[in-house]
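Hi,

Here is the structure I said I would pass on.

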Amino acid sequence: MTTPVCTSAPNAAASARQTLPYPSFSSYVKERQPVLLRTARSLTANPSDAEDLLQTALAKTYVAWDRIEDHRALDGYVRRALLNTRTSQWRKRKVDEFVCDELPEPERMPAADPAEEQALHDAMWRAIMKLPARQRAMVVLRYYEDLSEAQTAEVLGVSVGTVKSAVSRALGKLREDPELESVRWTSRPGY
């Protein structure tokens, strides 16, 4: 039986460096980057995406550099990282981006005439002033002061149900107001 002989650490490291085709990660990247970039470009449609994909795969390779036993198979390892990364991107991708000829801009509404806006505002206040005092107070608190139904009920000392029913009746009266009817249709764009 033969006994293994220990060699000194510097000699073992030197002999290991001689057998490895790429002594460091940076030398591997410098030598193999063009080939690996072509592989990444075959997986993506955009050259910028291919560069990002390769960068991600090389980052994963760097993290595992010390664990890779056979450095002659590094290209296969990186290609597998490229493929796995791209597959993950496909799975996570949402269809919220797509190429189109024109930007989807919202249609611009024609600017409202300030005189018409003021006429509508005045007509609305005249109609609100025709409401009974309690309904008027509830409409003003709900829609002009932007209070919730519960807050309006608390301010007026009534139940939430009372606020709901009184506001509903008040809105019904406002819809039927003849002065608002004529201003409503003339102030709308397209009519």
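Predicted model: local features only at pLDDT ≥ 70, side-chain atom pairs only at ≥ 80, totals over all residues.

Below is what turned up when I went through it, from the overall fold down to single residues.

**Overall**

Written from the N terminus, the order is simply α-α-α-α-α-α-α-α-α. Of the 191 residues in the chain, 24% are buried. The accessible surface comes to about 14,400 Å², and carbon and sulfur atoms account for 54% of that. As for contacts between residues at least 6 apart in sequence, 54% of them join residues at least 24 apart.

**The cores**

The largest nonpolar core has 17 residues. Helix 2, helix 3 and helix 4 are the elements that give two or more residues to this core, and helix 2 supplies the largest share, with 6 residues. If you want to find the core on screen, start from the residues with the most contacts inside it: Tyr 28, Leu 36, Ala 40, Leu 54, Leu 58, Val 78 and Leu 82.

Val 78 is a handy place to look around from. Leaving aside neighbours within four places in sequence, Val 78 is in contact with Tyr 28, Leu 36, Leu 54, Ala 57, Leu 58 and Thr 61. Apart from this core lies another one, of 8 residues, which include Leu 131, Val 139, Ala 170 and Leu 180.

Ala 170 also comes up in the surroundings of Gln 135. Gln 135 sits in helix 6 (residues 133–144) and has a relative accessible area of 8%, so with the limit for buried at under 20%, it counts as buried. Beyond its neighbours within four places in sequence, Gln 135 touches Ala 166, Arg 169, Ala 170 and Lys 173.

**Aromatics**

There are 4 aromatic pairs in the structure. One of them is Phe 25 with Trp 65, an edge-to-face pair at 5.4 Å centre to centre, with 85° between the planes. This pair links distant parts of the chain: Phe 25 is in helix 2 (residues 25–43), while Trp 65 is in the loop between helix 3 (47–63) and helix 4 (74–92), 40 residues apart. Both Phe 25 and Trp 65 are buried. Together with Tyr 28 and Tyr 62, they form one aromatic cluster.

Elsewhere, Arg 142 lies over the face of Tyr 143, at 5.3 Å from the ring centre.

**Salt bridges**

A search of the whole structure gives 4 salt bridges. Here are three of them.

- Arg 126 and Glu 179 meet at 2.2 Å, N to O. The two are 53 residues apart, with Arg 126 in helix 5 (residues 114–130) and Glu 179 in helix 9 (residues 178–187). Both are partly exposed, Arg 126 at 41% relative accessibility and Glu 179 at 23%.
- Asp 177 and Lys 130 meet at 3.3 Å, N to O. Asp 177 lies in the loop between helix 8 (160–176) and helix 9, and Lys 130 in helix 5, so the pair ties together parts that are 47 residues apart in sequence.
- Arg 72 and Asp 70 have their closest N and O atoms 3.0 Å apart. Arg 72 is exposed, with a relative accessible area of 69%, and Asp 70 is partly exposed, at 32%.

Most residues other than glycine have a negative phi. Asp 146 has a positive phi of about 60° although it is not a glycine. Where does Asp 146 lie? Asp 146 is found in the loop between helix 6 and helix 7 (149–156), and the residue is exposed, with a relative accessible area of 63%.

Cheers

How values were computed:
Residues numbered from 1 in each chain as written. Heavy atoms only, no water. Salt bridge = Lys/Arg side-chain N within 4 Å of Asp/Glu carboxyl O. Buried < 20%, exposed > 50% of the residue type's maximum accessible area, 1.4 Å probe, protein only. Helix = DSSP H or I, 4+ residues; strand = E, 2+ residues; numbered from the N terminus. Phe/Tyr/Trp six-rings, centres within 6.5 Å; stacked < 30°, edge-to-face > 60°. Lys NZ or Arg CZ within 6 Å of the ring centre and 35° of its normal. Contact = heavy atoms within 4.5 Å. Core = buried A, V, L, I, M, F, W, Y, C linked by side-chain atoms within 4.5 Å. Areas by Shrake-Rupley, 256 points an atom, 1.4 Å probe, with all protein chains shown as cover.
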